[in-house]
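Colleague: I would like to learn how to read a model of this kind. Can we go through it feature by feature?

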Amino acid sequence: MNFWTDPVNFVAQWLLGLLTGWGMPGWLASLLVQLIGVVVLVSMMMVIDIFLVWIERKVVARFQDRLGPNRVGPFGIIQPFADIIKLIIKEDITPNGADKLIYNLAPILSLMSVLLLWAIVPLAPVILGVDLNVGALYIIAAGAIGTLSIIMAAWASNNKFALLGAFRQVAVLVSFEVPMLATMLIPTILAGSMGMNEIIQSQNVWYIVLAPLAGLIFMIAAIAELGRAPFDLNEAESEIVAGYHIEYTGMKFGLFYAGELLHAFTFGGFWAILFLGGYRFFGLENLGPIVAAAILMAKALFGYWLIMWVRYTVMRIRIDHMLAFNWKFLTPLAFTLLILTALMNALLRGTSSGVYILGMLLTNVILGWIIVEILRGFSRRERERVEGPQQAVAHQ
Amino acid sequence: MTFTQIIFLITAAVILGSALMVVSTRNLVHAALWLIVTLFGVAVLYAILNASFLAVVQVVVYIGAIAILFIFAIMLTRREMLDRGPQLNRGWWLNAIIAVLTFGGLFWMLQGWSGFSKAAADFPSGYDAVGQLGKALVSPTGFVLPFEVASVLLLAALVGAVYVAFTRK
């Protein structure tokens with residue numbers, strides 16, 4: 001074992017040897033090394049988070065034909081640090097009638113629910129927190145804590161706008177979890193495991209090729225889970241001002257904001273892991289774990305960029321439309337896809353890889369075509385119902 | 001005392017303490033949040049027993065769905081979050097006796113079991129616990145019948161809920 005092929009375990013072994021050499025008992029030394037690992041991972045994600053603020057502001061500026069931050073440092077890259085100083089020195093206000101403990105706990109839980117997700121992200125085959133065999137479910141479980149933090153923030157703020165925002169957000173989160181979990185089961189079926197590392201290892205062909213519809217549904221559900229536009233009903237500025245974090249100032253608001261950005265980046269990462277081959281990129285990952293980690297980060301950034309692209313180009317959807325879209329369209333589609341994928345996987349398992357890939361792809365294409373036809377028929381009927389039959393004829 | 005035992009004792013203390021807070025606090029939202037602490041503690045117990053699937057499902061179902069539903073129900077049905085009535089009713093001593101008897105009975109029963117004083121053994125490396133659980137749930141020699149009966153029951157509950165909430169046009 002050397003540094004180049006297994007950097008994390010190499011450093012951990014060296015530290016363990018050092019600590020036990022100083023006369024520390026074995027269990028305490030290994031506990032300490034594990035703790036250091038957690039702190040390093042979390043700190044790394046927080047540092048990345050600082051630069052995500054800059055990336056987000058730069059990208060939105062390009063989408064809106066502006067320059068974005070460009071005054072502090074080269075390309076405005078020092079701007080987030082100025083923002084942090086501003087957030088820290090701002091007055092910290094706790095509203096009257098707020099439930100102090102819960103009010104202060106909520107932002108911490110919000111950021112924690114995102115950082116928890118990085119425990120199962122395999123940056124490289126050997127750089128990973130823990131290879132849980134229930135990885136896909138773990139993502140939803142960590143999301144549950146995020147949902148909880150939103151309710152806690154809104155209720156403890158003693159503000160009606162905050163509570164309205166939380167009610168909307170929870171309605172969205174709870175309902176979009178269903179298609180999300182269903183589509184996460186599709187890579188699970190294809191790989192035969194829920195563990196993130198094994199899902200990546202079995203992607204000789206990226207799952208976006210074998211299951212493009214699942215990748216699309218996962219992306220939509222992920223954007224809804226994030227509460228970003230077009231699903232940003234939780235903070236809809238024009239309706240309820242800022243939603244659940246309306247009463248938060250300074251760094252407490254900063255924690256919500258940082259959590260939201262890192263959450264988007266993290267879901268970009270999970271999208272890459274489940275559908276884009278994770279750290280694999282045409283054999284380039286064999287060069288070493290550091291290269292593999294860089295590949296995963298690049299893919300996560302690509303996913304994050306897609307989420308931003310959608311956010312800054314699509315308009316907000318009304319809540320009843322959104323819930324109807326989820327329960328009447330996305331959920332049945334996700335379950336149909338799940339059943340079809342399981343069936344096709346069982347039927348085509350013995351065949352050559354070419355037939356397998358083509359069969360899976362064709363299943364998705366045919367199902368997608370049927371869906372588009374059904375949608376077209378539905379919208380034509382809706383149009384006729386709204387415009388009346390005579391006007392519809394007049395239009396032709 | 002092993003490391004696992006220390007974690008178990010801390011978890012057990014947290015579960016019991018938070019469960020006590022659930023029934024004794026007067027603020028209903030606080031009670032729901034304490035309940036979440038209790039449920040999370042149970043998830044930790046599952047994790048100590050190497051039941052990773054159950055631990056994660058405990059968090060997803062109980063914290064992600066049921067506890068949040070509780071909080072919603074409280075917020076939507078109560079105007080006042082504080083409960084002012086008496087916290088004990090006349091039958092409290094009867095319930096206390098039943099609780100003590102149940103605990104004593106379980107303790108007495110489990111003492112005769114050989115696994116009572118053993119730590120949970122680690123799985124051999126490469127053992128697919130989740131896969132085995134999945135196979136057991138759908139195999140005819142395993143638990144397919146209870147599994148399907150539970151599914152039908154849940155489906156019936158779902159249909160019933162939709163029927164109750166459905167408004168005729």
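Colleague: How many residues does helix α6 of chain B have, and how far does the helix reach from its first C-alpha to its last?

Modeller: First the ground rules. This is a predicted model: local features need pLDDT of at least 70, side-chain atom pairs count only at pLDDT 80 or more, and totals for chains, interfaces and linings use all residues. Residues are numbered from 1 along each chain as its sequence is written, while chains are lettered from A and ligands numbered from 1 in the order in which they are written. Helices (H or I, at least four residues) and strands (E, at least two) are DSSP runs, numbered from the N terminus. The expected span of a helix is 1.5 Å times one less than its number of residues. Helix α6 of chain B covers residues 144-165. Its 22 residues reach 31 Å, close to the expected 32 Å.

Colleague: How many residues of α6(B) are buried?

Modeller: Burial is a neighbour count. A residue is buried if 20 or more other C-beta atoms lie within 10 Å of its own, exposed if 12 or fewer, and partly exposed in between; C-beta atoms are placed from the backbone. For α6(B) the count of buried residues is zero, and the helix is hardly covered. In chain B, buried residues make up 12% of the 169 residues. In chain A they make up 41% of the 396 residues.

Colleague: What radius of gyration does chain B have, against a compact globule of 169 residues?

Modeller: The radius of gyration is taken over C-alpha atoms; the globule rule is 2.2 Å times the number of residues to the power 0.38. The rule gives near 15 Å for 169 residues, but chain B has 20 Å. The C-alpha trace of chain B spans about 55 × 50 × 30 Å along its principal axes.

Colleague: What are the secondary structure and the domains of chain B?

Modeller: Chain B has six helices and zero strands. Chain A has 15 helices and zero strands. Domain bounds come from an automatic or database domain assignment. For chain B this assignment gives domain 1 (1-84) and domain 2 (129-169). The C-alpha centres of these two domains lie 25 Å apart.

Colleague: Which residues touch the most other members of the largest nonpolar core?

Modeller: A nonpolar core is a set of buried Ala, Val, Leu, Ile, Met, Phe, Trp, Tyr and Cys residues joined through C-beta atoms within 7 Å. The largest has 119 residues, and A:I151, A:F218 and A:W271 touch the most other members. Helix α5 (135-157) of chain A gives the most to this core, with 16 residues. Contact has its own cut-off: C-beta atoms, placed from the backbone, lie within 7 Å. Leaving out residues up to four places away in sequence, A:F218 touches A:M180, A:T183, A:M184, A:W271, A:L274 and A:F275.

Colleague: How many residues does each chain give to the contact between chain A and chain B?

Modeller: Chain A gives 16 residues and chain B gives 16 residues. On the side of chain A, α5(A) gives the most, with nine residues. That side divides into 14 nonpolar, two polar and no charged residues. Here Ala, Val, Leu, Ile, Met, Phe, Trp, Tyr, Cys and Pro count as nonpolar, Asp, Glu, Lys and Arg as charged, and the others, Gly among them, as polar.

Colleague: Where is A:V134, and what is in contact with A:V134?

Modeller: A:V134 is in the loop between α4 (100-117) and α5 of chain A. A:V134 counts as buried because it has 22 C-beta neighbours inside 10 Å. Beyond four places in sequence, A:V134 is in contact with A:M194, B:S52, B:F53, B:V56 and B:V130.

Colleague: Which phi values stand out in A:D65 and B:N50?

Modeller: A:D65 has a positive phi of about 60°, although it is not a glycine. A:D65 is in the loop between α2 (26-63) and α3 (79-89) of chain A. With 6 other C-beta atoms within 10 Å, A:D65 is exposed. Phi of B:N50 is near 65°, also positive in a residue other than glycine. B:N50 lies in the loop between α2 (28-48) and α3 (52-77) of chain B. With 14 C-beta neighbours inside 10 Å, B:N50 counts as partly exposed.

Definitions and conventions:
Contact = placed C-beta atoms within 7 Å.
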